[in-house]
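Hello,

Here is the structure I said I would pass on. Please have it open while you read the notes below it.

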Amino acid sequence: MSSAHLTQVRKWVFQSPPAEWAIQQLRELLIGALRLGPVPQHVAFVMDGNRRYARNHQIETVEGHNLGFEALARILEVCYKSGVKVVTIYAFSIENFKRSRYEVDALMDMAKVKLSQLAQHGDLLDRYGASIRILGQRELVKPDVLDAIDRAVALTSGNDRAILNVCFPYTSRDEITTAIRGTVADYSKPFKPALKRPFSETHITRNIRSRQLSIVSEEPLALRSTSDTASSVDADADDSASASTTPNPSSSTSVTNKNPFEDNSNPPDFEPSKSAVSNYPDPETITSETLSDHMSTAGTPPLDLLVRTSGVERLSDFMLWQCHQDTSIVFLECLWPEFDLWQFLPVLVEWQWQRKKALEREALSVKAQKRDVKLQ
């Protein structure tokens, strides 16, 4: 029997009702086993390989993207059923606008149709309580596509158990730039000062700085007054009678003269107002958490796992800020339309194994610290 016949027979066997039922039961069993261990709370996917899949199978590029959307639906069900709370997908990059006009328009139209289907006939999203969020530059999207996106977001806004982040159109550099711009805008707005805490770290630091500045500015004045007084005393030693009846001009000037550094360089009209300075947030309080709060993914769990298909080993300007020291990044050889539970299962098992090892190391470290405290 030829290989073509074997392929047809295998396909017929796996598509038969008994085989489909057995495969479905096996899927449920495997997903249930995954829930027994630690589960990543935030998973991101770079859905790469749709065009290559279309070329390999000699079909239209748009059809390859349609098959990629079907793969997304399969993976979303696996993720939400296993306990993942947030799924972030790289649907369209800002750099993709450099592709042909035909492909860009086809991707926009497909996004409009598929997001509407996902929300309106959203048995999947409603079943797992997932809401759609769009991350990216809205002004780059056509009005009709934007209306469809807003309708999809509104239809799923009541779901609060899981999240589907759709990056469309998006790049991480643009997201970071927008977050920095928002942080600067927030820290440039004066706020109404609340009751000061007597032991505020910022308040104490400002008081110390102001005292140090006042000491430095008064020091030249004190030195000059002392030298002028000493010279006037030496000059008046030979003529005490005259000094007692007539005031010494140099002595009088040295006592009453203002600080020469304040005469012209800092007139009273241009002195900074202390209340105006204190009404602005302290820029020294900006931390990485501050920027994270201005990112598009603010309020979501840290990124635990990032998966990219098609064998390309780069991030392509995706989730650069969200990737941290504990994020597992996995590159797979399969193309995105081929991606399903059987390719995703080993990735999840590997992540669980690494997570268990990390938890064990943390537990041993805590025990060692407690033992050292007891010995001391």
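**Helix packing**

H2 passes H4 in a right-handed crossing (the near helix is turned clockwise from the far one by less than a right angle; in a left-handed crossing, anticlockwise). The model is a predicted one, in which local features need pLDDT of at least 70 and side-chain atom pairs count only at pLDDT 80 or more, while totals for chains, interfaces and linings use all residues. Residues are numbered from 1 along each chain as its sequence is written, and side-chain values use heavy atoms, with hydrogens and water left out.

Helix H2 covers residues 17–34 and helix H4 residues 61–82; they pack at about 45°, with axes 9 Å apart. Axes are lines fitted to C-alpha atoms, for helices over the stretch in contact, and angles run from 0 to 180 degrees between N-to-C directions. That angle makes H2 oblique to H4 (under 35 degrees is roughly parallel, over 145 roughly antiparallel, 65 to 115 roughly perpendicular, and the rest oblique). Helices (H or I, at least four residues) and strands (E, at least two) are DSSP runs, numbered from the N terminus.

From H2, the contact (heavy atoms within 4.5 Å) uses Arg27, Glu28 and Ile31, and from H4 it uses Val78, Lys81 and Ser82. These residues divide into 2 nonpolar, 1 polar and 3 charged. Ala, Val, Leu, Ile, Met, Phe, Trp, Tyr, Cys and Pro count as nonpolar, Asp, Glu, Lys and Arg as charged, and the others, Gly among them, as polar.

**Cavity**

The structure holds 1 cavity of 30 Å³ or more. On a 1 Å grid over the protein atoms alone, a cavity is a set of points where a 1.4 Å probe fits but cannot get out, and lining residues have an atom within 4 Å of a point. Grid points are joined across faces, edges and corners, and a volume is the space filled by probe spheres set on the points. The largest cavity has about 40 Å³ of space. Its lining consists of Leu34, Pro38, Val39, Pro40, Ser82, Leu348 and Gln352, that is, 5 nonpolar, 2 polar and no charged residues.

**Backbone**

Most residues other than glycine have a negative phi, and most peptide bonds are trans. Phe168 and Pro169 are joined by a cis peptide bond, with omega about -25°. Pro169 sits in the loop between S4 and helix H8 (172–187). Ser310, which is not glycine, has a positive phi near 80°. The loop that holds Ser310 runs between strand S5 (305–308) and strand S6 (328–331).

Regards

Technical notes:
On a 1 Å grid over the protein atoms alone, a cavity is a set of points where a 1.4 Å probe fits but cannot get out, and a pocket is an open set with protein on both sides within 12 Å along at least five of seven lines; lining residues have an atom within 4 Å of a point.
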